[in-house]
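User: I would like to learn how to read a protein model. Could we go through it feature by feature?

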Amino acid sequence: MGAYRRIWLLTGWIFCLGFASGQGIPRQVRLAYGDNPTNSIRIMWQTDQATATVVEYGETPALGSVAYGHQVTYSLQTGILHEATLTNLQPDTLYYYRVGDPQNGFSPVYTFRTAPSPRPVPFLFTAFGDHGTTAVSRQNTQNVIHLNPAFHLHLGDISYANGNQPIWDTYLNQVEPLTRHIPMMITLGNHEWEDEVGIGYEAVLARFAMPGEDTYYVNYVFDYGDVRFIAFNSDWYQRGGSAVRGAMRQWLQNALSDARANPCIRWVIVFQHHPLFGSEARRGYNQTLINGLQPLFDQYRVDLVLQGHDHFYERTYPLRNSTPVSTAMDLYHQGEGTIYITCGGGGVSLYTFGALPPTTAYRESTHCYLAISLQPGESLTVEARRADNTLIERFVILPSFNADVNRDGCVDDTDLLAVLFDFGATGGCMPTDINGNGSVGDEDLLILLFEFGTGC
Ligand SMILES: [Fe+2]
Ligand SMILES: [Fe+2]
């Protein structure tokens, strides 16, 4: 056999090996919202060998549009990381897509849905933290898939790679059945700081692209319906010095102040890794976070703070100034206090409790996930469930209505005229839509008449 022919055969064999082992095939496909969830989405994936970064997408399975992305690198990467952003999408629209490249092959066709334009809409989202790669972790991923949420919030401590990079691959393959259809919005936990191998947040930052400028390592906001979600990196807040903490507190204050000044936003939900209040046996309250953040959560009447880190389920009463303002168990009123929920039982080993603090309404050392739903004009409902899908607890927050349409401190003729003028109008962001159900109608008039004369 001539040398030329041997080289040709060898090249063919290497090509077949690469093809057979699927080295160019996209894996770990995952979605996140882009800077504006109504019109943009980020798609990330990994291949074993270098390929182009191509997304084909469209409103039918025929696709029809193409977007090109780029590769992302970090010092200990285990493959080729790809990232692409689709923009100029239509709100509240189902899209079909596949990722890969024409030479090496594409993924199957998957779907995602963009967020609706800012207005009151019913929706459900899910959350948990401290996930990992256990059998319970896999079960909890299935639990969330089964609910088909609009999106999933990850409350930090994501893969527990702890420096061992192939664990990221195991994890991202494990969650792919969820993340290829449902945007997963993350916040960073202490296990994302991989100081075991001296790379800090490098791996998580390379593997997940979230909205915003990323000045403080994955602090960002996004809106869905009439809710503003604020992701806060409580891990960096504590690792950074006082200058970092001051700047991050200012960022949070700006985000909260913007939310409360926006007439389209009725609910504000913060999510971060570390709990403020809690009764984990070794940790208890986090005084650094309480001192720094709780005054802001009070001032801007944050409705919910979702947290992980402590591997169990624990939930406070509505709190003001770290004190319960209601000791009811299942029905609350918006604005009376901030409710802090810890669901760090995403899948890794559970922790034990110390003494019961006065702030805790319910606690249970169990694996958990949260299913939170909004019915505009009616309620926000939190269901906390165990990994076996049985109910831990369910509670409801009734929305607060402001019948003082022109915000002059008095519910009077002027407000009544404004409601009558807008009567029948639909859409979001109208002060005359007093109950926030998306249209100005009888209910708004009734609320106004009931409140007539108050504050005057
Ligand atoms: Fe954890
Ligand atoms: Fe943690």
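User: In which loop is Asn321 found?

Analyst: Helices (H or I, at least four residues) and strands (E, at least two) are DSSP runs, numbered from the N terminus. Asn321 is found in the loop between β18 (319-320) and β19 (323-324). Its phi is near 50°, a positive value in a residue other than glycine.

User: Before we go on, what kind of model is this?

Analyst: This is a predicted model: local features need pLDDT of at least 70, side-chain atom pairs count only at pLDDT 80 or more, and totals for chains, interfaces and linings use all residues. Residues are numbered from 1 along each chain as its sequence is written, while chains are lettered from A and ligands numbered from 1 in the order in which they are written.

User: What pLDDT does the protein average?

Analyst: pLDDT is the predictor's confidence in each residue, from 0 to 100. The protein averages 93, and 95% of the residues score at least 70. Over residues 1-20, pLDDT stays under 50. Where pLDDT is low, the predicted coordinates should not be read in detail.

User: Is Asn321 buried or exposed?

Analyst: Count the other C-beta atoms, placed from the backbone, within 10 Å of a residue's own: 20 or more is buried, 12 or fewer is exposed, and in between is partly exposed. Asn321 has 9, so Asn321 is exposed.

User: Where does Tyr217 lie, and is it buried or exposed?

Analyst: Tyr217 lies in the loop between α4 (202-207) and β13 (220-224). With 21 other C-beta atoms within 10 Å, Tyr217 is buried. Tyr217 has a positive phi of about 60° although it is not a glycine.

User: Which residues does Leu304 touch?

Analyst: Two residues are in contact if their C-beta atoms, placed from the backbone, lie within 7 Å. Not counting residues up to four places away in sequence, Leu304 touches Ile269, Ile339 and Ile341. Leu304 sits in strand β16 (residues 304-307). Leu304 counts as buried because 25 C-beta neighbours lie inside 10 Å.

User: How do the axes of α2 and α3 cross?

Analyst: Two packed helices are described by the angle between their axes and the distance between the axes. Axes are lines fitted to C-alpha atoms, for helices over the stretch in contact, and angles run from 0 to 180 degrees between N-to-C directions. Angles under 35 degrees count as roughly parallel, over 145 as roughly antiparallel, 65 to 115 as roughly perpendicular and the rest as oblique. The axes of α2 (residues 135-147) and α3 (residues 166-179) come within 9 Å and cross at roughly 10°. That makes α2 roughly parallel to α3.

User: And how do the axes of α8 and α9 cross?

Analyst: The axes of α8 (residues 413-422) and α9 (residues 442-451) come within 10 Å, with a crossing angle of roughly 175°. The two helices are therefore roughly antiparallel to each other. Asp415, Leu416 and Val419 in α8 meet Asp444, Leu445 and Leu448 in α9.

User: How is the protein divided into domains?

Analyst: Domain bounds come from an automatic or database domain assignment. Here they give domain 1 (22-113), domain 2 (123-398) and domain 3 (413-451). The C-alpha centres of domain 1 and domain 2 lie 27 Å apart. Their contact takes 25 residues from domain 1 and 28 residues from domain 2. On the side of domain 1 that touches domain 2, β1 gives the most, with seven residues.
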